[in-house]
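Open the model in your viewer and keep the selection panel at hand. The stops below go from single side chains to the whole chain.

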Amino acid sequence: MGLATVVAARAAGAGTIVVTGLSRDRSRLDCALQVGADHVIDVQAENAAQRLADITGGRMADVVIDAASGSSVTVNTAMELVGRGGHIVIAGLKDEPVNGLDSNSILFRGITIGPGAGLDAARAVALINDGQVPTAALAGETFPLDRFEDAFALLDRRVPGRDAVRVSLHVS
């Protein structure tokens, strides 16, 4: 979902696109650069807020899209990265409530938080047909159905030293 967000943001005319991720997300961060991101930040190797401040001259992000599923820590990270009057879109489902969220910051900084849901299939198809979606970079790996367990292990990041942007099964 995060990589699709990069493609959509670029197609919508976004200025500077910055993607964050963990060290284990290196292949996905590299793919983000291939599909339209201007910068990537490994949040385990660098201070994301400081790096974004350097990139934006202190303005921070106008829009932060939290597409990460699982940990709710990313919501607090989004709060650190969004600028005054900015917008946060929470698109990834979280496994637990958000701890440590300073709701006063939402009021004092004029931040808008909303859900990321919905699909504009017609627009997505138009972007693909117009060649604006780098489908080769997003294709990932394909496995025959009888190698389902191998495919799922790769998708679940249980294959040491390997990751895939996407995994699909081929039924023949």
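A residue is called buried under 20% relative accessible area, exposed over 50% and partly exposed in between (1.4 Å probe, protein chains only). This is a predicted model, in which local features need pLDDT of at least 70 and side-chain atom pairs pLDDT 80 or more, while totals for chains, interfaces and linings use all residues. Numbering starts from 1 along each chain as its sequence is written, and side-chain values use heavy atoms, leaving out hydrogens and water.

Select Phe 148 first: its relative accessibility is 42%, so it counts as partly exposed. Helices here are DSSP runs of H or I with at least four residues, strands are runs of E with at least two, and both are numbered from the N terminus.

How are the two rings of Phe 148 and Phe 152 arranged? Rings of Phe, Tyr and Trp (its six-membered ring) pair if their centres lie within 6.5 Å; planes under 30 degrees apart count as stacked, over 60 as edge-to-face and the rest as tilted. The count is 1 aromatic pair. The centres of Phe 148 and Phe 152 are 6.0 Å apart and the planes are at 20°, so the pair is stacked.

Next, select helix H2 (residues 26-35), where Leu 29, Cys 31, Ala 32 and Val 35 are buried. Just after H2, Gly 36 has a positive phi of about 135°.

Finally, show the whole protein chain: 8 helices and 7 strands. Its C-alpha trace spans about 55 × 35 × 30 Å along the principal axes, and 30% of its 172 residues are buried.
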